[in-house]
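Visitor: I'd like to learn how to read a model like this one. Could you walk me through it?

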Amino acid sequence: MKKLSAAFRYKRPEYSASSRKQKSNVDNPTETLLRIWRYMLLEKRLLFSTFGMIVVSSLLALIGPVILGHIVDRFVSGDFTAGDLLRLLGWLVLIYTAVAVMTFLQGYWMITISQTAVYAIRKDLFRHLQQLKLAFFDKRQHGELMSRMTNDVDNISTTLNTSMVQIVSSIITFIGILAVMLMLSPILTIITLLVVPVMFIGIKWITNRTRHAFRIQQQAVSSVNGFAEESISGQAVIKAYAQESKVVGVFRDKTRQLQQAGFWAQTFSGFIPKWMNMLNNISFAVIAGVGALLIGFGGAGITVGTIVIFLEYSRQFTRPLNDLANQFNSLYSALAGAERVFGILDEQEEHENMAKQTVSQLQGDIHFANVTFAYEEEPALKDISFSVRPGQTAAFVGPTGSGKTTIMNLIAGFYQPDDGQIMIDGKPLSELDSDSYRNRIGVVLQQDFLFKGTIMENIRYGRLDATDEQVFEAAKAANAHRFITRLPDGYGTLIGQDGGGLSHGQRQLLSIAKALLRDPDILLLDEATSSIDTITEYRIQQAMQVLMKGRTSIVVAHRLNTIEQADNIFVLQDGKLIEQGNHQELMKQKGFYSALQNEKKNHVSSS
Ligand SMILES: Nc1ncnc2c1ncn2[C@@H]1O[C@H](COP(=O)(O)OP(=O)(O)OP(=O)(O)O)[C@@H](O)[C@H]1O
């Protein structure tokens, strides 16, 4: 045993570093239990009925041994008829049948309670995830979050189904048995109780390790899920770089960690029943021996029936403790999961602490005043100031990683500046209600995310109440109608997250159609860098011109055409704004921009 525990401790640091990092204000079992309890109260009536029934059935179960002892005493004294025996046995059958029916009902009701609680937890969790800042998702693997939504929540459900009933009934049974035993024979009660401190010392030792082991196991499950999800999503890249064997190796290491964690979790939880069994047997022998001695010496008013009752109770007495200990194992496992779920629920929502000013329409005036922003340590934008007037097109150019997309992210309100201020129509962006604000914004990404569904549904994502006609109009204006109608199922064509057979250009046309349908006041447009055939490129260009017309447009621009037509061009380098002006002005300056454009032109002409 010493060896096992030493090996376990040896493995601990690897996980405990991250478990310490994850510690939050919910790393407190009582608080976590209370939070679960609040969810259970959603079925208040059923919950209290269940507890009422647990009390009645646990008390009824106490009567059985007393009847049994009575039968033995009457039998020993010879004062017993067959009728008496049948009557008492009848009572026993009746009591145990009632207990069985009640136990069934408790289980049934508890399933309802736990399913309602788990439904509410999952709903809250998903709703909350929708409200979290993007920065929260930047730092986490998506598979890990999914593991919390599924495994951890399932774990809570399983525990609620079984543990809660058992724990309550064990406590009642324990108190009830103790009371009856004390009434029958204080001496035998003390002897029966001797086992309790020994039992608790052992249980405490085991549960300390079990709880830790389950927490580690669940972290390992999340890590495996996260990695599996990442490897499945990134299959194309893994294959392209022939990284299959490396990925398999990493997965093997992670599953091995899970295997180890699972081994210790199961091993420690398996100790409890064995420990309890051993103590039970010892206690059984001691009670029988001492009881027999007491009868032999004719003391303490003890009869054979009393010994029978005590033997029966000693089994029943340690059983609730045994059950309690067992249930605490799964309770700890569920608590570990619940802590992680509540950990997410405690993450600050995007809208919290924000004064809300609803936006019905925007003029599209954007002003950055000395904005500095860092995703992590190194600032991605440094002291940026610029203005874009309503209806203007502003093009952001600069080398990769210079901060162009970050400007769009800040205008969309996905992240807040660390310093300086962003003003929209003269009002601080931080004071605008983000939902209504974003309703007035259209975003066209290079690689738009397509949801599993039809093309019609994906375009309609721009405005959910749009009619079919409006979707067709938007698709026509975006030059997408033609390719859509050539597909066998037209607008009903099913596509998935990966684009389901659509080319990059077609996906971007869908994205433009979606933005057109939204009819935003401010347009954020990330031009595709990927090379597309000339016809599609021309169609996209045309569609973008339609899209940008009459609204403030912020474009991360790659095409010379877009850049030249912009009212204002902002040149970024290493997160700093180094030049600004229109194309002619910037070319005249013969600075970074003109060098960049000349380089591009040379590249185009040489290729
Ligand atoms: N989610 C993120 N978390 C941490 N750092 C980020 C994140 N997104 C961008 N960065 C960093 O911020 C800096 C600016 O990135 P940004 O995406 O704004 O550049 P960009 O000019 O749009 O580049 P590109 O032309 O390649 O798209 C880069 O150093 C980048 O590594």
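Visitor: Which helices do the buried residues of α15 pack against?

Guide: Some ground rules before that. This is a predicted model, where local features need pLDDT of at least 70 and side-chain atom pairs count only at pLDDT 80 or more, while totals for chains, interfaces and linings use all residues. Residues are numbered from 1 along each chain as its sequence is written.

Guide: Helices here are DSSP runs of H or I, at least four residues, numbered from the N terminus. A residue is buried if 20 or more other C-beta atoms lie within 10 Å of its own, exposed if 12 or fewer, and partly exposed in between, with C-beta atoms placed from the backbone. Contact means C-beta atoms within 7 Å, again placed from the backbone. Now your case: the buried residues of α15 pack against α14 (455–460), α16 (481–486) and α17.

Visitor: Which residues of α15 are buried?

Guide: An α-helix has 3.6 residues a turn, so residues three or four places apart point the same way. In α15 (residues 468–477), the buried ones are V471, A474 and A475. They cover an arc of only 100 degrees around the axis (taken from the directions from the axis to the C-beta atoms), which puts them on the same side of α15.

Visitor: And what follows α15?

Guide: N479, with a positive phi near 60 degrees.

Visitor: What does A513 touch?

Guide: Leaving out residues up to four places away in sequence, A513 touches I459, A474, A475, A478 and A480.

Definitions and conventions: Two residues are in contact if their C-beta atoms, placed from the backbone, lie within 7 Å. Helices (H or I, at least four residues) and strands (E, at least two) are DSSP runs, numbered from the N terminus.
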